[in-house]
Amino acid sequence: MNKVLKYVFLAIIAVLIATVPLYSGAFITRFLIGVILYAIMAEGWNVIAGYTGYPSFGNVVFFGLGAYVTALCMINFHTPFILSLIFSSIAGALFAIIIGIPILRLKGHYFAIVTLGIGETMMAITFNVPFTGTGAGLSLPLASNPNLFYYVSLIVLVIFIVFLKFILSGRLGYGMIAVREDEDAAKMMGIDTVAVKIKAFAISGFFTAIAGGIYAYWSTFIDPPTVYDPVMSIKMIIMTVFGGAGTLLGPVAGAFIIIFLSDFLSTHFTILHTFFFGGLIVMTAIFLPKGLMDVLSQKGIGWKYFIENIRKHRV
Amino acid sequence: MENDTKDKKMLKIEKLSAGYADTQVLWDINLSVENGETVALIGSNGAGKSTLLETVIGLVKPISGLIELENKPVYSDSASISIPTRERVKNGMSLVPQGRHLFPNMTVEENISLGAFLQNNRKTLKKELEKVYELFPRVYERKNHPAGKLSGGEQQMVAIARALMSKPKLLMIDELSLGLAPVIVDILIEIIYDISKTGTSLLVVEQDVQVALSVAKRAYVLETGKVVMQGKSKDLLDDPQIQSAYLGI
C-alpha cells in the first residue's frame, strides 16, 4: 500500500512539473526554464567531474558552441529548432572528443587550468571570426510560443537523467567511477581509461551544447561574452558540488536551490547578494563537502555529521 | 625433457631496459617464470622491483628488450610490438599493485567485480565471485563495506581477490607482506599456495626475504636495476652474501 501511495505521489508531482506553464504565470515558467537549463549544464559537469574525476573549469565552452551552432543553423539555413539542437549536440560531442584527446591526459590542476583556457580561447575566436557576427552578436527569430522552451528543456533534462542512470549501471559507468577512484588501478583492471574519459567528456559536451542551443533561441540574442561567460562554468561547479557531485539528482537539486536563493537575494539585497556565492562555496566546502544528497542519504543527522566532515576534510 | 619445459615458459623477459623520462631504472633484465611456477623477486628499496612488474603489465614503457607471455611477445623492440595493458590483462596477466590501489569509495564487492571488467558476462561473474569468496571468507564478510575502510590485511586480500577475477595465468603481486601483521602474512602465504595449486603462475615481489623464499621455489635478486643473483630459494637462503645483506646473519 505504501508503495502504491509513493508511486501515486510521484506521478502527481511529475504531472504538476510537466504542466507548469498551463497554470502558472510567465515569471515562474521563465524562472524554471533557467533552473532546468542550469540543471542540464550542472549534470553535464557532473558526468566529467563528479563521476569521472576530471574537474573541467571550461564546460561553458560547450554551452557557447551549442548556442552558436543553433543560432547559425536557424539564421542561415532556417533549419527547424529541434534539428538545430541536434546539430548543436553533435557539435558539442565532437568538440569534446577533439579537445579531449590531448587534454584528458592531464590530471587535477593542470586539467582544470587548460579547460579554463579553452573557454577563453573560444570566446576570442568567436569575437574574430566573421561568420559568427563577431562582437556584435547574433539575433535569432522570435519563437511563437515561449512555453516551448519549458517543455523542450524539461524533456532534455529527463532524457539526460534516464540516460545517465542507464550508463551508470553499465560498464561505462563503472569505468568512469573507477577512473575517478584510482586511474592506475583502473588501467590494471584492463579498463581503457582513455576511451572512458573521452566518452564521459563527449556526453558532457553533448548535453551542455543542447542547453546552449535552447538558450540561444530562448533569449533570441547571443554574443560571445554572454554564452562563453566563465562565471557559468563556476556556477555549474557550485551547483553540482552543493547538490552532491557524483550523485544522479544532486546537480538538479543544486541548480534549483542556488538559482532560487540567488534570484531571491538579488531582488532584496542588490549589492550584498554577490557575497552570497563566495559565502556559499566556503560553507559548502567546510560543512557539506559531499553535497546535499549525502546529507539526505544519512539516516539520522546531527552535529556529529558536520563535525566529522570538518575533521575529515580540513586542509 | 629440457625442451619440453622450455616450451612452457609463462613469462620470458630478455635484455629488458626501462625507466621514467630521463632516469633509466632497469638494465638488461633477464627473467623467466615457468608454467605453474612461483617465482620471487627480492631486493632492497629502489632496486626496481615495482618498476619491473609495472613494465611487464604495460604501465611503464620499456626502452628496449623483449617480454613474452606464453611465447607470444607483448613487447619487443626488435619487432616493434607493444600491446596495451588491457590486452595483456585479456591475455592472462594480472597485477596486485604496491599500496593495493583499491577503489576506496566503492564496496568490496564492486572492487572485486571490476577485476572482471574484461569478462563481459554477468552469469560467469557470479560464479567467479563465489570462487574468490571461497578463497577469502573474510572478504565475503565485508563485501558491502567501502573498501577504503578495511584494515591493511583485508585490503590486501581484496586486492588479490580483484586481481584473480580476470582469471590470470600469471599473477604478479607487488609487496605481498609490506606493513602487515605476521598473522595476516601467514594467511596470505597459505592463500598464495592455494592459488599456485590451481595452476596459476606467480611472480611475487617481496622485501621480507624469509617470506619470499618460503612461498617461491626460485628467486631473483635485484640490485640497482640489475639481476645480481638467481637460483633456487634453498640455495639462496644458504648463500653467505644473501645472509649478510638481507637476513642479517
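**Helix packing and a chain contact in a predicted model**

Good morning. In chain A, helix H12 (residues 230-243) and helix H14 (residues 273-287) have axes that come within 10 Å and cross at roughly 35°. Here helices are DSSP runs of H or I with at least four residues, numbered from the N terminus. Axes are lines fitted to C-alpha atoms over the stretch in contact, and angles run from 0 to 180 degrees between N-to-C directions.

This is a predicted model, in which local features need pLDDT of at least 70, side-chain atom pairs count only at pLDDT 80 or more, and totals for chains, interfaces and linings use all residues. Residues are numbered from 1 along each chain as its sequence is written, and chains are lettered from A and ligands numbered from 1 in the order in which they are written.

Which residues meet between H12(A) and H14(A)? From H12(A), A:Ile238, A:Val241 and A:Phe242 meet A:Phe277, A:Leu280, A:Ile281 and A:Thr284 of H14(A). Contact requires C-beta atoms, placed from the backbone, within 7 Å.

I turn now to the two chains. In chain A, 13 residues are in contact with 18 residues of chain B. Helix H8 (171-181) and helix H9 (183-188) of chain A each supply at least two residues of the side touching chain B.

Finally, A:Lys165 lies in helix H7 (residues 147-168) of chain A. A:Lys165 is exposed because 12 other C-beta atoms lie within 10 Å, and exposed denotes 12 or fewer such atoms within 10 Å, with C-beta atoms placed from the backbone. The C-alpha atoms of A:Lys165 and A:Ala71 are separated by 31 Å, and these residues are 94 residues apart along the chain.

Notes:
Two residues are in contact if their C-beta atoms, placed from the backbone, lie within 7 Å. A residue is buried if 20 or more other C-beta atoms lie within 10 Å of its own, exposed if 12 or fewer, and partly exposed in between; C-beta atoms are placed from the backbone.
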